[in-house]
Amino acid sequence: MTVMDLNSDVGESFGAWHMGDDAAIFRSVSSANVACGFHAGDPTVMAQTCRDAVAAGVTVGAHVAYRDLTGFGRRFLDCSPTELADDVLYQMGALEAVARRAGTRVSYVKPHGALYNTIVHLEAHAQAVVDAVAAFGGDLPVLLLPGSVALEKAGRAGLRGVPEAFADRGYAPDGRLVPRNEQGAVLHDAAEVTRRMVRLAEDGTLTAVDGSTVRIAAESICVHGDTPGSAAMAAEVRRGLEDAGVTVRSFA
């Protein structure tokens, strides 16, 4: 029986500023990447998101990022490995506190935005993230891009690295995500996205932007919560997977 996790970035509102439809997303996903206040979210949003996740039976993960509220965590921050490890550990601890109060806990970690993409290749920052997760304890799994330096370092540290695919993102022939400023980076056709994800779950392949076939060994699929129409897309992807005989269940 094929099993696949479906995750989404949530808790990204901040104060009076609202982003995404988390309540609708929670009806479809099995894992929730909760923003920890450095790229989005605040203590109240974090706490409410955890309570909502508990009510929906969704697993909570820490969505850690560079300290970049203004840029939504999508800009590289040239910080030292020590500073980055401290920042990641701080975010995990903050989310763990409000998660416990809500009756759950942090069950995995997923880097966000620029941090996620940077640790595909930058060894110093990849090691910093791995060191922070190891320092937190509990042998938490880490959601990462297949083939990334961080995935390799997580394994060496005795952590479970969980490779993921992105439902609503285009792929380059080398298996990396198409940069957001390039054509084909973000996919909006829910039917097409669903077909791609069913194919991924069944045979582990996707079509890259140049038409070539790329192999992606994924245990989880992400639907971005800030993409327009993301809730409807997540629902269609889940229906498509289940109709194809895929069980949607959290990896954590």
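**Talking through a predicted model**

Colleague: Where does Ser220 lie?

Modeller: Ser220 lies in strand β9, residues 220–222. Keep in mind that this is a predicted model.

Colleague: Why is Ser220 called buried?

Modeller: Its relative accessible area is 0%. Buried means under 20%, so Ser220 counts as buried.

Colleague: What makes the link between the side chains of Ser220 and Asp5 a polar contact?

Modeller: The side chains of Ser220 and Asp5 are joined at 2.5 Å, and the cut-off for such a pair of N or O atoms is within 3.5 Å. The side chain of Ser220 also makes a polar contact with the side chain of Asn7, at 2.7 Å.

Colleague: Which residues does Ser220 touch, not counting those up to four places away in sequence?

Modeller: Among them are Met4, Leu143, Pro163 and Phe251.

Colleague: Let's turn to the rings. How many aromatic pairs does the structure hold?

Modeller: It holds four aromatic pairs.

Colleague: Why is the pair of Phe38 and Tyr90 called tilted?

Modeller: Their ring centres are 5.7 Å apart and their planes are at 40°. Rings pair if their centres lie within 6.5 Å; planes under 30 degrees apart count as stacked, over 60 as edge-to-face and the rest as tilted. At 40°, the pair is therefore tilted. This pair links distant parts of the chain: Phe38 is in the loop between β2 and α2, and Tyr90 is in helix α3, 52 residues apart.

Colleague: How do you know whether Phe38 is buried or exposed?

Modeller: Phe38 has 11% relative accessibility. Buried means under 20%, so Phe38 counts as buried.

Colleague: And Tyr90, buried or exposed?

Modeller: Tyr90 has 57% relative accessibility. Exposed means over 50%, so Tyr90 counts as exposed.

Colleague: What makes the pair of Tyr108 and Phe251 edge-to-face?

Modeller: Their centres are 5.0 Å apart and their planes are at 65°. Planes over 60 degrees apart count as edge-to-face, so that is the name for this pair. Tyr108, in the loop between α3 and β4, and Phe251, in the segment after β10, are 143 residues apart. Both residues are buried.

Colleague: Now the helices. At what angle do the axes of α3 and α5 cross?

Modeller: The axes of α3 and α5 come within 8 Å and cross at roughly 40°.

Terms used. Residues are numbered from 1 along each chain as its sequence is written. This is a predicted model: local features need pLDDT of at least 70, side-chain atom pairs count only at pLDDT 80 or more; totals for chains, interfaces and linings use all residues. Side-chain values use heavy atoms; hydrogens and water are left out. Rings of Phe, Tyr and Trp (its six-membered ring) pair if their centres lie within 6.5 Å; planes under 30 degrees apart count as stacked, over 60 as edge-to-face and the rest as tilted. Helices (H or I, at least four residues) and strands (E, at least two) are DSSP runs, numbered from the N terminus. Buried means under 20% relative accessible area, exposed over 50%, partly exposed in between (1.4 Å probe, protein chains only). A polar contact is a pair of N or O atoms within 3.5 Å; within protein, one must be able to donate a hydrogen and the other to accept it, and residues adjacent in sequence count only if both atoms are side-chain atoms. Contact means heavy atoms within 4.5 Å. Axes are lines fitted to C-alpha atoms, for helices over the stretch in contact, and angles run from 0 to 180 degrees between N-to-C directions.
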